[in-house]
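Me: I've just opened this one and would like to talk it through with you. Can we start with what you mean by a buried residue, and then move to the elements?

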Amino acid sequence: MMNSSLGPVVGVDLGGTSVKAALVSPELELLARDSAPTDVSDENRLLEEIEQLVRRVAGDESVAAVGFGLPSQIDQRRGIVADSINVPLTDVPFVLRMTERLDLMVKVDNDANVACLAEARIGAGKGRANVIMLTLGTGVGGGIVLHGRVHHGATGYGGELGHMVIDENGPPCQGHCPNHGCLESLASAAGVRLAAEQIAAARPGGTLAEAVAKGGAAEVRVVIDGALAGDTDCVDALAIVGRHLGVGIANYVNIFNPDVVVVGGGIMAAGELLLGVAREEAGRRALRPPWREVEDRGVEYDDELRHAGHSQPETSARVTSKTTHAGNATTG
Ligand SMILES: [Zn+2]
């Protein structure tokens, strides 16, 4: 399956639960796909599992290259995975190891970065050169595409939008982050639970207080389903999360002046109940010129994300550029 000419490529999406691979033609046609539960027991077993999965998906095709989206911080200068979330990859010369195993051109990037690139190329940000993407799930993933290219920073560790501080006195962040009050601690699943607890404490007779008393309020699904069904406590809990998200979006709009901000991830099942509040909050806070470039209407959900093989986004919505949305010249 060794071939350096233009042929199909294999894309691999590694998550803590499953590893997915797809064979894709140069025209972006999906030719084959497969997946396996992630072997988190050991680095070598995981690399072996990934190799076998790539070989299965590639079949007899002359594959040009294989690209990996990893839940990791990656030193792009040396092709080294420095640290990872939920998978046993720490200080691993990943590009070298996979090149040895597969004898193919190997490209590697953070999973949120490649998700953002996919959005810019074929998803909700299609045709836009400057795309900011957030995925709200267990954590908050972030990707930045500027002038059509992923922004990596000096080493490859850049683009961690989830670790922008929203509240300097906020709750401790998650995982290996030493910070407090990051977007990741306030607009993730943990952030939804925290907001639900705040509402429960403030309204002792309310539905969330009752749910807490029964031990059930902590479930994100309960809050989102309750809000979608019109429960005021749940709607207000999501509004707290939405305001935090809006503060973050205002910051990103001021810094990056994007064409489009794409928000996806499991928590976006809350849809407008979350994003509507976030958009209003961002609109109150962002500087006027860059905000005017980002449309404050016409939120669209991109079901294609669900089928594109991304591990996190289940639904996504966007705040689009007015000019590009209207079909005029891009603002890039
Ligand atoms: Zn953080």
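Reply: A residue is called buried if 20 or more other C-beta atoms lie within 10 Å of its own. Please keep in mind that this is a predicted model.

Me: Fine, so which residues in α9 are buried?

Reply: In α9 the buried residues are Leu 273, Leu 274, Leu 275, Val 277, Ala 278, Arg 279, Glu 281 and Ala 282, in a helix that covers residues 272-285 and has 14 residues.

Me: And how far does α9 reach from its first C-alpha to its last?

Reply: Helix α9 reaches 19 Å, which is close to the 20 Å expected at 1.5 Å a residue.

Me: Switching to strands: why is β9 largely enclosed by the rest of the structure?

Reply: Strand β9, residues 140-146, has 6 of its 7 residues buried, so it is largely enclosed by the rest of the structure.

Me: What does β9 pair with, and in which sense?

Reply: β9 pairs in the antiparallel sense with β8, residues 131-136, over 6 bridges, and it also pairs in the antiparallel sense with β10, residues 149-150, over 2 bridges.

Me: How many residues sit between the strands in each hairpin?

Reply: The hairpin of β8 and β9 has 3 residues between its strands, and that of β9 and β10 has 2, with His 147 taking a positive phi near 50°.

Me: Zooming out, how many helices and strands are there, and what share of the residues is buried?

Reply: The protein comes to 12 helices and 12 strands, and buried residues make up 46% of its 332 residues.

Technical notes:
Residues numbered from 1 in each chain as written. Predicted model: local features only at pLDDT ≥ 70, side-chain atom pairs only at ≥ 80, totals over all residues. Helix = DSSP H or I, 4+ residues; strand = E, 2+ residues; numbered from the N terminus. Expected span 1.5 Å × (residues − 1). Buried ≥ 20, exposed ≤ 12 C-beta atoms within 10 Å, placed from the backbone. Pairing = 2+ DSSP bridges.
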